[in-house]
Amino acid sequence: LAAGVAQIDHLHVVAAPDSSLVAIGTDAAVDVFSISDRMLDRGWFVQPQMSFGTFEATLHATVCAATANSIPEFLQALADATAEAAEAGPIVIDPFLAEAAAGIDPATLDDAAFDGLLQIAGLASEGEGVQAPERLGEVNALLDVAPPAVREALLKAFLDRLMR
C-alpha cells in the first residue's frame with residue numbers, strides 16, 4: 001500500500017509504516033478532506049486526520065487480512081479520487097468562517113452561538129435541527145483551521161445536536 005501511494009501524483013506517505021496503518025499526506029494541489037469524500041463516493045473509507053501543531057492533515061488507511069487482497073483496487077480508486085480532487089482544487093474556507101471559528105472560546109460556546117455557526121455554515125436553518133451534510137470535506141476543512149480545543153467543542157456540540 002505504501003509503495004503504491006508513493007506512485008500517485010500529489011500524495012506521499014508521511015512516515016514508513018511500522019504496522020497496518022498508512023498515513024498519507026498531500027501537496028498543495030489537493031487536500032485530504034476532498035479525497036476522503038471522493039473515496040467514500042467510490043465505496044472506500046479512509047479516515048481524514050486534521051492537522052495538529054506542525055503535523056499536516058493526513059488520510060489514514062488501514063490494511064488487514066480481510067483487505068490486503070483489495071490493495072490494487074484501493075490504489076486505483078485513490079489515484080482516481082486524488083486526480084478528481086486535484087482538478088477541483090483544495091477546499092477554500094471563507095475567511096469570515098475561519099475567523100469566526102478561530103475566535104470561539106470553547107469554555108463559553110453556548111447553544112445560541114452554536115446555532116449561529118450552524119446557520120453560517122449552512123448546516124441548519126432557523127428553527128430546524130442540524131442537517132448533517134452528505135459530504136464532510138468542507139466541514140472537516142473548517143474544523144482543520146480552528147484551534148484543537150475549538151474543534152473538540154464544536155464536535156461535541158454538533159454530536160449533541162444530532163442526538164437531540
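Strands here are DSSP runs of E with at least two residues, helices are runs of H or I with at least four residues, and both are numbered from the N terminus. Two strands count as paired if DSSP finds at least two bridges between them.

Before I go on, a word on the source. This is a predicted model, in which local features need pLDDT of at least 70 and side-chain atom pairs count only at pLDDT 80 or more, while totals for chains, interfaces and linings use all residues. Residues are numbered from 1 along each chain as its sequence is written, and side-chain values use heavy atoms, with hydrogens and water left out.

Now the overall picture. The protein has seven helices and four strands, and from the N terminus on the elements run α-β-β-α-β-β-α-α-α-α-α. Its C-alpha trace spans about 50 × 30 × 30 Å along the principal axes.

I shall take the pairs in turn. β1 and β2 are antiparallel and share three bridges; here H12 stands opposite G25 in β2. Strand β2 (residues 21-26) pairs with strand β4 (residues 58-62) over four bridges, again in the antiparallel sense. Within β4, A23 has H60 as its bridge partner, and L21 has T62. Finally, β3 and β4 form an antiparallel pair over three bridges, where P48 has L59 of β4 as its bridge partner.

Why is β4 largely enclosed by the rest of the structure? Four of its five residues are buried, so β4 is largely enclosed. Buried means under 20% relative accessible area, exposed means over 50%, and partly exposed lies in between, with a 1.4 Å probe and protein chains only. Strand β2 is likewise largely enclosed by the rest of the structure, because five of its six residues are buried.

Next, the helices. Helix α6 (residues 137-145) has the buried residues G137, N140, A141, L142, L143 and D144. What covers these buried residues of α6? The cover includes α2, β3, α4 (95-102) and α7 (148-163), where contact means heavy atoms within 4.5 Å.

I close with values for the whole chain. Of the 164 residues of the protein, 37% count as buried. Among contacts between residues at least 6 apart in sequence, 67% join residues at least 24 apart. The protein exposes about 9400 Å², of which carbon and sulfur atoms supply 56%; accessible areas come from the Shrake-Rupley method with a 1.4 Å probe, and for residues only the protein chains shown count as cover.
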